[in-house]
Amino acid sequence: MSTITFENVSVTYGPETVLDQLNFTIESGSWVSVIGPNGAGKSTMLRALVGLTASEGSITIDERPVTAMRRRELARSLGYVAQTPELPSGMSVFDYVMLGRTPHRSYLGSGAGDDLEIVREVLSLLDLERLAGRPVSSVSGGEAQRAAIARAVAQRAPVLLLDEPTSSLDIARQQEVMNLIDGLRSTQGFTVISTMHDLTLAGQYADRLLLLANGRVRGDGSPREVLTIEAIERHYGAYVRVVEDADGAITVVPLRPGRQAERDGATFEG
Amino acid sequence: MGDTSLAPTRLPITWLAIGFMGLVAAATVSMSVGAAGLSINGIVVELLDGLPGIEMDSGLSATDSSILWQIRLPRIVLGLLVGGMLALAGTSYQGIFRNPLADPYLLGVAAGAGLGATLAIVYGPQSGSTIAIVGPAAFAGALVAALGSYLLGTVGRATTTSLILAGVAVAAFLTSIQTYVQLRNTDSLRDVFSWMLGRLSTAGWSEVRSILPLVVVSSVALLLHRRLLDVLALGDDEATALGVRVTTVRLVVLVAASLGTAAVVAVSGLIGFVGIIVPHALRLVIGTSYARLVPLSFLAGASFLVIGDLLGRTLISPAELPIGVVTAFFGAPFFLGILHLTERAAT
């Protein structure tokens, strides 16, 4: 359906190497979260995939190099939600989501006949109907993020790329967005690639984590395999405790330095 | 609300009709008022009579009829083409630069036209034919300035900011030359100034004919890009990720808006504020959607300039106020008021 492969993908900005020989394959239908410290190259990886940043090496979608695809065609394969989506002032949520139909329109032409239907469907799917007439710049942070995801869903692209979808949201809104993406993935069959700062959240939802540091893949596997105390300390320089629940869910807890006992799994006092 | 909000923002046909009617009303009043008053009835019948296949007697005298056909009508048509084009170009510039302060003169078109016109007035043949070369010289100057700004602003990593800065630099550079030439030739000062302030007073059908093709081509091109301007409101990255070739769209819109502006500036001189206040006034009334703004800005700009010109030629009649003075005199306070309103809305 939509298998994405990176082969020796590098990105350089002048003398600086941001991505260094990335190699991996993302299976259709999976949810991969890209984690790593600030400046690791997570966003650049998404930008390279969607063609916003020039890269060397080969990136393919179902074995077709993205460089051989026309812009509109690429936009019909990849729905991209930027880290801080631009919310044009005065534009209604409906019009904003409608922009997701852009890759299905010809250069100057109006859309296909089913554009309106698709947008209404997406608004209903994401529970945005009552906000449809409101200016997208005036809705709350969580609602704006939902609108941005709705726009990408309206693209009807099989792959969703989400750059820090939960940043700047409160804990309940973070959950809401992650549940929404999870639901879309299971009901609509999306392949999801997200960059995440919150390791616990990343581990709870994704099938697979890619740990990037200094532009290289430093960890690749299930949350349980990647989220280890050693890896987090080495690549983030963070002092954490990692808890595994009976069902295998991983929680990463930041600790104050010196609380060795807690880190080793002793019970909290009080 | 429920149903209506589940629909895209479109241009309601009634608004388009209101825009057209406003323009027709402005034009009709403008045809009627002047040193020789013409009855609106007579004007309407006379215009109908001008249509092929219709024979009617308007009751206008031969003099009145020729005032209408040879003096007022071409001036009004010129006014609506110039006003419509400037407002449309301003709206389009604001769209591609995502900057509410952008106007059609952003890339130095005004400075370039000013220099071209000044050179033609000062160094051109000192006879009746001066006028014939001022327009083309201004047009050429405007295009050179816009092209120069574009080339300078897109060297290396092109951003809208680098383009705007290049426009500012080119405008300052050309204006310095223009000022120098002007100061060295003070005998032409009056002519240069009069051109700079803009006027529709020398209008005849020849001016209309000379700009009509470019205005039509530019306007149609800009109208066709109105939906893409809404996509560009998302910024370059998100628009690109939606499959839009941002650089191409920006270039096409820039070329269309600049060509149209250069054409009208060449015949009308520098008429300020139309390209900035008309789009802003419209935004207050109809919102920020370019699907609506682009078509309506032409109609509103056309009406605005026709009315402005009417004021210009009647307020201190028999003398005339330059149209640039009228638009700036009414435009500047209006503009400040809008700034004030947006600031209040933002806090």
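1. Strand S4 (residues 56–61) and strand S5 (64–65) of chain A run antiparallel, joined by two bridges. A:Ile61 sits opposite A:Arg64 of S5(A). Strands pair here if DSSP finds at least two bridges between them. Strands are DSSP runs of E, at least two residues; helices are runs of H or I, at least four residues; both are numbered from the N terminus.

2. The model is predicted: local features need pLDDT of at least 70, side-chain atom pairs count only at pLDDT 80 or more, and totals for chains, interfaces and linings use all residues. Residues are numbered from 1 along each chain as its sequence is written, while chains are lettered from A and ligands numbered from 1 in the order in which they are written.

3. S4(A) and S5(A) belong to an open sheet of four strands, ordered S2-S1-S4-S5, with antiparallel pairing. S2 (16–26) and S5 (64–65) of chain A are at the edges; each has a single partner strand, so one side of each lacks a neighbour in the sheet.

4. Helix H1 (residues 42–50) of chain A packs on this sheet and touches S1 (4–13), S2 and S4 of chain A. Contact means C-beta atoms, placed from the backbone, within 7 Å. The direction of H1(A) makes about 70° with that of S2(A). Axes are lines fitted to C-alpha atoms, for helices over the stretch in contact; angles run from 0 to 180 degrees between N-to-C directions.

5. A hairpin comes next. S9 (residues 208–213) and S10 (residues 216–221) of chain A run antiparallel, joined by five bridges. A:Leu212 has A:Val217 of S10(A) as its bridge partner. Two residues lie between the strands, and A:Asn214 takes a positive phi near 50°.

6. Chain A as a whole holds 10 helices and 12 strands. Among contacts in chain A between residues at least 6 apart in sequence, 65% join residues at least 24 apart.

7. The contact between the chains takes 26 residues from chain A and 23 residues from chain B. On chain B, helices H1 (2–5) and H11 (236–241) each supply at least two residues of the side touching chain A. H11(B) gives the largest share, four residues.

Notes. Contact = placed C-beta atoms within 7 Å.
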